[in-house]
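User: I'm new to reading protein models. Could you walk me through this one?

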Amino acid sequence: MNALATILEVRGLSVSLPIGGKLTPVVTDMNLSIARGEAVALVGESGCGKSMTARAIIGLPPPGAEIAGSIVLKGQELTQLTPSERRRIGGREIGFIFQEPMTSLHPTLSIGAQMTDGLRYHLGLSRTAALERARELLDRVGIPRGRDILAGHAHQLSGGMRQRVVIAMAIACGPSLVIADEPTTALDVTIQAQVLDLLARMREELGLAMLYITHDLEVVADFCDRAIVMYAGDRVEDGQPEQCLTRPRHPYTSGLVAAIPRMGGTSARLSPIPGQVPPVGAWPAGCRFAPRCAIADEICATRPVFDAGVRCWRPLASPAP
Amino acid sequence: MIRYIGRRLLLILPTIFVPLILVFLMLRLAPGDPAAQILGDQATPDQVAALRHDMGLDQPLVVQFVFWLKGVLTLHLGASFFFRQPVIDILPSYAFVTIQVALLALFIALVVGACAGVAAALKRDTPIDRGLVALAVLGLSLPEFWFALLLIFLFAVTWRIFPVAGYVAPSEGLVASFMTIALPAIALGLRQSALMTRMMRSSMLDVMSEPYIATARAQGLPERRVVLRYALRVAAAPFVTVAGLSASHLLSGAVAIELIFSLPGLGKLLIDAVGRRDYPVVEGAVLAIAIMLAILNLAIDLLYALLDPRVRLS
């Protein structure tokens, strides 16, 4: 991978939140890098720290959060910036797409006002120029009659349309990185496919680096170049999505794949992973998955190192040649 | 938008007429005879009967009501038994005083309430927040008249900044006039601002955790802009509703306050007229208050529609 093409480089990121009055880690030792035009999926169950990782990158962690490690965007160390400089990275360099299109747009500001705010602030465009640019953006994300939409409000649009507007807002100022936090979870299946197509097209046309957060490994298989599986704040596996699906190496990834419902499967029952995700603050000292792992032994009481794309003492299959 | 305004205007009518009908009935069903009251203790029953006839009080209630309603619709509110003057000529100067005090009080309540509420929400769980909430609880628990007396004691008697009581019309000096309504307005407004502070705080806290605020922040917009443009716009809607309720409370609260500060307002006029069984003046004063409330409600509905485009459609 060409070093110049690396857009985002996260090293040793950890996020701690004040829970019950004491600082508790929710993400530990997170590493990831995304190159120009590359899409990386962050996969895991709710509470595994994937959204927290995204919020740390864009600089909007919950109040009281403590962030350690390095986040480098296009050669700039974001953790060294002043809060106001840090704030300005959002929208300008990083576009963010939220999960809930029904509530992520302002209910009483017009679509035009919301779309042009960032353009005017970051790019210093005039009102007219910003509106014209907003109309072009809507056209680009597949919304014709942009002028009418801009004058309207969020409640007049369908979920799919709203998500297109949110995508248009995310790419408005020409960011180099777009973070999408479960952008299709709240949408109908048919609309999901359209929105995924749109994201893929935007990534290709604009050469965006994309961080795609999801709990569904299958959805991202065609869409992402790499998948990072997270469990209890840890990166447990990092590889091609196809490989994670067909030859998972971490027992957790394997359990995740086995739990995907399949049409025409031979077994009528799904195979859920036994046990529960340990709550934040009660993670085992060794491998955090060990208590639920079928093949865990004594060594798993020691924390495994992340090696050859997997954080496991007993990885399942060997990586693809 | 025009249809919306039209519908609201129609809804005003009951707001004005229901209280009027109630007042009409209550006055006539209450014991006490205005004719006897006017003529005094020495009047003969014949004199009283003659005056009752002149005033139309010997007619059946329904007939009285029809005449009265016709009068209201044509703004002929009758003549005051006491002042011997048409009611319509008496009302404006009294209404003006009440409006002045109520508007200034509303302004104080809105500004103090909005600022304190937003500050408490943004500084949630800090000493600033706790201090403001404590003040608001204290404000809500103090009766208005007591608070008014406290203000008089401190600012008029001890420090002599404001006059103790009385009223100066704006035509006789703006500053002097303002000084006479300032204390009553503060007494009314500060107490209402306590309610508004609490409302604004909770409304702001709700809004600040909404996803669209996260969207605005993720757009890299400065926090000031996010609060002022994105959050306040939504938080203002419930605040406006409370402001409306509060404003009607200000009008009724003005009655007690006008008595304490001896301001010649509608409240004082109303209390005096009830004591004198001066029916036309009571009805006129209630009509004036009802119209003021109706206009206020209309203004709030329109403000609501401006703040939230979804209201216009439903």
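User: Where is the place of B:Arg84 in chain B?

Analyst: B:Arg84 is in the loop between α4 and α5 of chain B; here helices (H or I, at least four residues) and strands (E, at least two) are DSSP runs, numbered from the N terminus. A word on the ground rules: residues are numbered from 1 along each chain as its sequence is written, while chains are lettered from A and ligands numbered from 1 in the order in which they are written. This is a predicted model, where local features need pLDDT of at least 70 and side-chain atom pairs count only at pLDDT 80 or more, though totals for chains, interfaces and linings use all residues.

User: Is B:Arg84 buried or exposed?

Analyst: Start with the cut-offs: a residue is buried if 20 or more other C-beta atoms lie within 10 Å of its own, exposed if 12 or fewer, and partly exposed in between, with C-beta atoms placed from the backbone. B:Arg84 has 8 such neighbours inside 10 Å, so it counts as exposed. Its phi is positive, about 55°, although it is not a glycine.

User: And what is the phi of B:Leu75?

Analyst: B:Leu75 isn't a glycine either, yet its phi is positive at about 60°. You'll find B:Leu75 in the loop between α4 (61-73) and α5 (87-122) of chain B.

User: How do I read helix packing? At what angle do α8(B) and α10(B) pack?

Analyst: Axes are lines fitted to C-alpha atoms, for helices over the stretch in contact, and angles run from 0 to 180 degrees between N-to-C directions. Angles under 35 degrees count as roughly parallel, over 145 as roughly antiparallel, 65 to 115 as roughly perpendicular and the rest as oblique. Helix α8 (174-208) and helix α10 (223-260) of chain B pack at about 160°, with axes 9 Å apart. The pair is therefore roughly antiparallel.

User: How many residues of chain B are in contact with chain A?

Analyst: Two residues are in contact if their C-beta atoms, placed from the backbone, lie within 7 Å. Here 18 residues of chain B are in contact with 25 residues of chain A. On chain B's side, α9(B) gives the largest share, six residues.

User: What about chain A itself: how many helices and strands does it have?

Analyst: Chain A comes to ten helices and twelve strands. Of its 321 residues, 45% count as buried. Its C-alpha atoms fill a box of roughly 65 × 50 × 45 Å, taken along the principal axes.
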